[in-house]
Amino acid sequence: MYDLIIKNGMLIDGTGSERYQADIGVKDGQIAKIGILAEADSEAIIDAKGQFVTPGFIDMHSHADVSIFMQPDAENLIGQGVTSAFTGHCGMGMTPLDKYWTLMHVEGPAYEEMMPFSTIGHFPGEYPAIDVPTLKAGMKKCFGINMSWKTFGEYQRYLREQGVAVNLFMIAGHSNMRQNAMGLHAERPATEAELLEMEYWVKEAMEAGAFGISYGLDYTPGWDADDEELLRLAECLKPYDGILTAHVQMRNHRHGKTVEDHRTLDGVKELMEIGLKTGVHVHVSHIEAADELDDEKAIYESEKETLKLIEVYRKKGVRATWDVSVPNLYAMYYFSDLSKVLLYYVTSCGGKKAFGERLKSEGYREYLAECINRNENIVFPRWNDQAVIGRCACKEWEGKRICDIAEALETDSAHALIEILARDPETRYIQPIAPSLAKPQSERFYEAKEACIGTDNMATNYDFEGDVEDMPKDNGTPSGFCGIIEYINSRLERGYKLETVVGQLTGNAAKVLGLTKRGYLKEGMQADIVIADLENLKPNKNMVDPRSKPEGISYVLVNGKVAMEHGNHSHVRSGMIERYADR
């Protein structure tokens with residue numbers, strides 16, 4: 001007897017092969033049989049008539065590991081058919097949690113609770129560091145979470161005991177290894193003793209089952225790592241045949257400034273050289289065009305140049321792979337309360353309610369306007385002429401820039417910003433898409449047979465708030481809630497075969513990671529399965545509040561357990577923390 005039979009579905013198996021109709025019998029979390037099972041007994045039956053049955057989607061560039069300890073049900077991933085995530089990219093990661101710590105975003109409220117204003121006004125990529133005891137105290141106070149782990153292995157054990165909704169293929173981030181070894185001030189090359197400590201943390205992670213390590217050389221503290229450090233840590237992967245991933249720009253920004261003579265292609269080449277010198281498998285994270293270009297044809301040619309460079313190194317013997325992000329990628333903090341722009345002043349008042357009361361004072365408003373005009377402690381530099389109001393009690397302002405509202409009010413932008421918040425402290429606004437991503441889509445990468453796809457987002461739930469009570473809220477990003485659905489729709493609109501698109505989301509990822517138990521609909525595989533009307537998906541993208549549920553995915557199974565049924569999440573937490581050696 002089977003635990004579950006999926007009947008009458010049209011199967012797309014993840015290999016790129018043509019669809020076919022068959023039943024699937026699930027037993028003990030695995031696909032036990034594919035065929036005609038009309039006479040078989042089962043404890044439960046799902047009739048998939050008129051729908052497609054595919055392997056669970058694999059998010060190949062995910063930061064779920066930095067939030068899933070707080071949001072283990074990962075509704076935003078399950079809701080769009082993601083059953084597995086390759087996590088730990090861009091140097092970011094949750095270990096070691098020993099002496100010092102680099103901000104990973106979700107713990108920002110804990111920083112502010114213990115060290116007010118510590119996360120406000122830093123350069124893009126230049127994230128504040130904190131000592132671990134202070135961080136732990138803040139997390140306990142703000143969220144009631146006991147960050148009890150220290151090592152990579154202990155964090156994995158923490159997640160296994162807590163339970164997670166999706167399977168995690170975890171790599172270890174370089175940033176906290178470096179911060180921990182070098183202290184709060186790491187704007188220099190590492191000493192021999194510090195290199196030895198970082199090597200220890202790499203080896204600890206690999207022994208615990210990490211898939212590899214990641215570099216994020218456009219962020220602190222990674223951007224000050226020299227060649228010796230990068231090569232020595234990469235060498236630590238060789239006994240385990242681990243994977244080295246890197247944020248694609250690789251030193252495109254340092255200390256808040258763009259490195260003008262550094263092309264994205266230079267970053268790809270730097271990673272390829274590490275692969276050539278060490279022999280390790282190198283993986284380019286969210287691959288991009290070789291230059292910052294606006295013309296679609298020029299971008300396409302630039303993407304071809306990037307792939308040509310990778311092919312040159314492959315011919316030299318480098319094992320090189322890559323992933324590409326879903327279209328219209330946004331950072332999670334682009335969808336916030338408008339008061340987030342003035343976070344310093346909201347915090348100074350003690351919260352949004354108190355801030356709203358202070359705005360009733362003409363003297364405070366004038367003081368605040370002067371501070372805004374001097375650009376003192378303003379969080380987002382593009383708030384005036386690029387961001388737009390998404391939701392406001394004054395409906396006539398929705399969809400307008402603050403500079404336009406200022407013109408209508410016959411005042412300056414600082415006073416307009418204050419007036420908007422005085423009338424409605426809960427006003428929402430939408431930051432413009434990141435300039436490096438506001439360009440024609442990556443068609444050359446998307447059309448490549450080897451392409452695998454990532455969302456570059458975290459694991460969250462539909463009630464995600466992103467901050468503590470009475471403080472300006474972040475509510476995630478549309479690509480975090482419907483990016484995979486948008487990708488499928490965009491490819492089908494361009495005439496791609498559904499089998500090809502599913503393969504990019506499943507089998508291609510399995511091939512890169514060397515998975516033997518996931519990524520395909522085959523007998524003996526783990527039963528990570530999506531049942532959906534893939535030709536009629538609705539992303540339900542919401543640019544004001546991104547926390548919307550897509551439509552069209554009927555069931556999601558993770559290791560044979562129903563994680564979602566017609567939009568209702570079971571919170572079964574049947575995901576596994578995979579060990580690289582056991583994949």
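Predicted model: local features only at pLDDT ≥ 70, side-chain atom pairs only at ≥ 80, totals over all residues.
**Two helix pairs**

The crossing of H12 and H14 is right-handed. On the H12 side the contact is made by Arg365, Glu366, Leu368, Ala369, Ile372 and Asn373, and on the H14 side by Ala414, His415, Leu417, Ile418, Glu419 and Ala422. Sorted by class, this contact of H12 with H14 holds 7 nonpolar, 2 polar and 3 charged residues.

A second pair is formed by helix H5 (residues 174-182) and helix H6 (residues 192-208), which pack at an angle of about 140° with their axes 9 Å apart, and that angle makes H5 oblique to H6. The crossing of H5 and H6 is right-handed. From H5 the contact takes in His174, Met177, Arg178, Asn180, Ala181 and Met182, while H6 contributes Glu194, Glu197, Met198, Trp201 and Val202. In the contact of H5 with H6, the residues divide into 6 nonpolar, 2 polar and 3 charged.

| Helix pair | Angle between axes | Distance between axes |
|---|---|---|
| H5 and H6 | about 140° | 9 Å |

**Domains and an enclosed helix**

The domain assignment of the chain gives domain 1 as 2-55 + 475-514 + 521-568, domain 2 as 61-333 and domain 3 as 338-430. Taken over C-alpha atoms, the centres of domain 1 and domain 3 are separated by 44 Å.

Helix H17 (residues 498-505) is largely enclosed by the rest of the structure, because 7 of its 8 residues are buried. These buried residues are Leu498, Glu499, Val501, Val502, Gly503, Gln504 and Leu505. They pack against strands S5 (52-55), S6 (57-62) and S22 (453-454), and also against helices H15 (443-446), H16 (478-493) and H18 (507-513).

Leaving aside residues up to four places away in sequence, Ser285 touches His61, His89, Thr245, Ala246, His247, Val248 and Asp323.

Pro239, by contrast, is exposed, with a relative accessible area of 67%, and lies in the loop between helix H7 (227-235) and strand S13 (243-247). The C-alpha atoms of Pro239 and Lys449 are separated by 30 Å, the two residues being 210 residues apart along the chain.

**Backbone geometry in loops**

Most residues other than glycine have a negative phi, and most peptide bonds are trans. Against that background, a cis peptide bond joins Thr95 and Pro96, with omega about -5°, and Pro96 is found in the loop between strand S7 (82-87) and strand S8 (100-102). Another cis peptide bond joins Thr220 and Pro221, again with omega about -5°; Pro221 is found in the loop between strand S12 (212-215) and H7.

Asp28, which is not a glycine, has a positive phi near 55°. Asp28 is found in the loop between strand S2 (20-27) and strand S3 (30-35), and at 63% relative accessibility this aspartate counts as exposed. His566 also has a positive phi, of about 50°, although it is not a glycine, and His566 lies in the loop between strand S25 (561-565) and strand S26 (568-569).

Definitions and conventions
Residues numbered from 1 in each chain as written. Heavy atoms only, no water. Buried < 20%, exposed > 50% of the residue type's maximum accessible area, 1.4 Å probe, protein only. Helix = DSSP H or I, 4+ residues; strand = E, 2+ residues; numbered from the N terminus. Contact = heavy atoms within 4.5 Å. Domains from an automatic or database assignment. Left-handed = near helix turned anticlockwise from the far one by under 90°. Nonpolar A, V, L, I, M, F, W, Y, C, P; charged D, E, K, R; others polar. Axes fitted to C-alpha atoms, helices over the stretch in contact; angles between N-to-C directions. Parallel < 35°, antiparallel > 145°, perpendicular 65-115°, else oblique.
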